[in-house]
Amino acid sequence: MKPAPFRYARAGNLAEAVALLAAAPGDTKLLAGGQSLVPMLNMRLVRPAVLIDVNSVRELTGIAPTADGGLRIGALTRHAELTASPAVMERAPLLAEAARHVGHAAIRNQGTLGGSLAHADPAAELPAALLALDARVHVTGPRGAREIAADAFFLGLLTTALEADEILTAIEVPAQPPGWGFVEIARRPGDFALAGVAAVVHIGHPLTLPSLPRGGEGEVRVVGFGVGDHPLRLAGAERVLAGAPLDAGSAARAGAAAGPDCDPPSDVHGSAEYRRHLATVLTERALLQALARLRPGPR
Ligand SMILES: Cc1cc2nc3c(=O)[nH]c(=O)nc-3n(C[C@H](O)[C@H](O)[C@H](O)COP(=O)(O)OP(=O)(O)OC[C@H]3O[C@@H](n4cnc5c(N)ncnc54)[C@H](O)[C@@H]3O)c2cc1C
């Protein structure tokens, strides 16, 4: 099929994009990498009257270090840039790893971070990584700019806290702690994940082996994707690790506690029960990856 007719407009800068969008927000779509929008247009799942191409908007580009050791990443940053950027690999390696799992090279060359977050596919890697990293989402619109915590951004299936007249401009990630894990199961490399888990373990205080972090509340963030209608904090797993040392036993107990927080779909690729089982196994594996990264010594 081909898209229903639409009018095309190219925004030259952010103010122009905001003004174009404000003219008819309910009937307009922003075009970034087009890797989710164009298939939806072709299948006529969406029929906007106007498409605003934001690919020339310089204010949406760039990866810049922040003073707290984190990064500010423009919404137009391509998935392939995330995988290749030394700054991302150094300051947010979980995000680089998540981007490596998105689709195929052609998709990673076109698809953007902002597009992935705004589209909010429940099985997408980047939203889950940013939720695990406790990122902040910067948006702007006719009422000005605002920031939304990742915890408050993903609301449901393909639904976010972005208003129809707002543009996602950038993501800010804090300095990433050294303990992290990212795992997913897909039918083939490049497919959307059947289920996946991203985990970040903060070190609460100086450590001496063999004891590893005694986490306090909020020191471990475990996020599942493909296991609900949006990326989910797996609170049961996080509770197991709050105040407890991270070791192989607690990682397994956290995995077992992850299942009840999931509400996965059933489809031809796997039942809800299978996906819930994956969430338990992948939670344990992601935490074991984090543990391995926290232990000093050769890897
Ligand atoms: C074959 C195939 C396989 C794929 N596999 C994966 C996969 O394994 N994992 C995965 O996560 N994704 C996958 N994708 C999707 C891909 O990651 C997309 O790039 C991403 O979901 C959307 O980014 P985009 O820049 O292409 O956005 P677009 O398609 O241009 O836009 C998507 C939506 O976001 C809105 N939007 C875009 N930018 C902004 C902005 N700055 N502010 C507000 N709204 C905005 C658009 O209006 C639209 O509604 C796949 C896509 C294809 C075609």
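# Close-up views of the predicted model

**View 1. Strand E13 and its partners.** In strand E13, Val-223 is the bridge partner of Ala-198. Helices (H or I, at least four residues) and strands (E, at least two) are DSSP runs, numbered from the N terminus. This is a predicted model, in which local features need pLDDT of at least 70 and side-chain atom pairs count only at pLDDT 80 or more, while totals for chains, interfaces and linings use all residues. Residues are numbered from 1 along each chain as its sequence is written, and side-chain values use heavy atoms, with hydrogens and water left out. E12 (residues 195–201) and E13 run antiparallel and are joined by six bridges. Across this pair, Arg-221 of E13 has Val-200 opposite. On E14 (residues 232–233), the link to E13 is two bridges, again antiparallel. There Arg-233 of E14 stands opposite Val-223.

View 2. Strands count as paired if DSSP finds at least two bridges between them. E13 and E14 make a hairpin, with six residues between them. In the turn, Gly-226 has a positive phi of about 80°.

**View 3. Burial along E13.** How many residues of E13 (residues 220–225) are buried? Six of six are, and the strand is mostly covered. Buried means under 20% relative accessible area, exposed over 50%, and partly exposed in between (1.4 Å probe, protein chains only). Val-220, Val-222 and Gly-224 point one way from E13. Arg-221, Val-223 and Phe-225 point the other way. Both sets are buried. In a regular strand, side chains alternate between the two faces of the sheet.

View 4. The ligand is surrounded by 29 residues (near means a heavy atom within 4 Å). The closest are Leu-30, Ser-36, Leu-37, Thr-112 and Glu-125. By class, the shell has 13 nonpolar, 13 polar and three charged residues. Here Ala, Val, Leu, Ile, Met, Phe, Trp, Tyr, Cys and Pro count as nonpolar, Asp, Glu, Lys and Arg as charged, and the others, Gly among them, as polar.

View 5. A backbone N or O atom of Leu-37 is 2.7 Å from a ligand oxygen atom. For Ala-32, a backbone N or O atom lies 2.9 Å from a ligand oxygen atom. For Gly-103, a polar backbone atom is 3.1 Å from an oxygen atom of the ligand. The ligand alone exposes 980 Å², and the protein buries 88% of that (Shrake-Rupley method, 1.4 Å probe). Strand E2 (28–31), helix H7 (113–119) and strand E10 (167–173) are the elements giving two or more residues to the shell. H7 gives the most, with four.

**View 6. Helix H8.** H8 (residues 125–132) is mostly covered, with eight of its eight residues buried. Among them are Glu-125, Pro-127, Leu-130 and Leu-131. Glu-125 is also one of the residues closest to the ligand. Asp-134 follows H8, and its phi is positive, near 60°.

**View 7. Helix H11 and Ser-250.** In H11 (residues 248–258), the buried residues include Ser-250, Ala-251, Ala-254, Gly-255 and Ala-258. Down the helix axis, the buried residues of H11 fall within an arc of 145° (directions from the axis to the C-beta atoms), so they line one face. Arg-253 and Ala-256 are exposed, on the face turned away from the buried side. Ser-250 has 0% relative accessibility and counts as buried. A polar atom of its side chain lies 2.9 Å from the backbone oxygen of Pro-245.

**View 8. Positive phi in two loops.** Most residues other than glycine have a negative phi. Arg-44 has a positive phi, near 60°. Arg-44 sits in the loop between helix H2 (37–42) and strand E3 (50–53). Is Arg-44 buried or partly exposed? Arg-44 is partly exposed, at 31% relative accessible area. Leu-158, not a glycine, has a positive phi of about 50°. The loop between strand E8 (154–156) and strand E9 (159–160) holds Leu-158. Leu-158 is partly exposed, with a relative accessible area of 39%.

How values were computed:
Polar contact = N/O pair within 3.5 Å; in protein donor to acceptor, adjacent residues only side chain to side chain.
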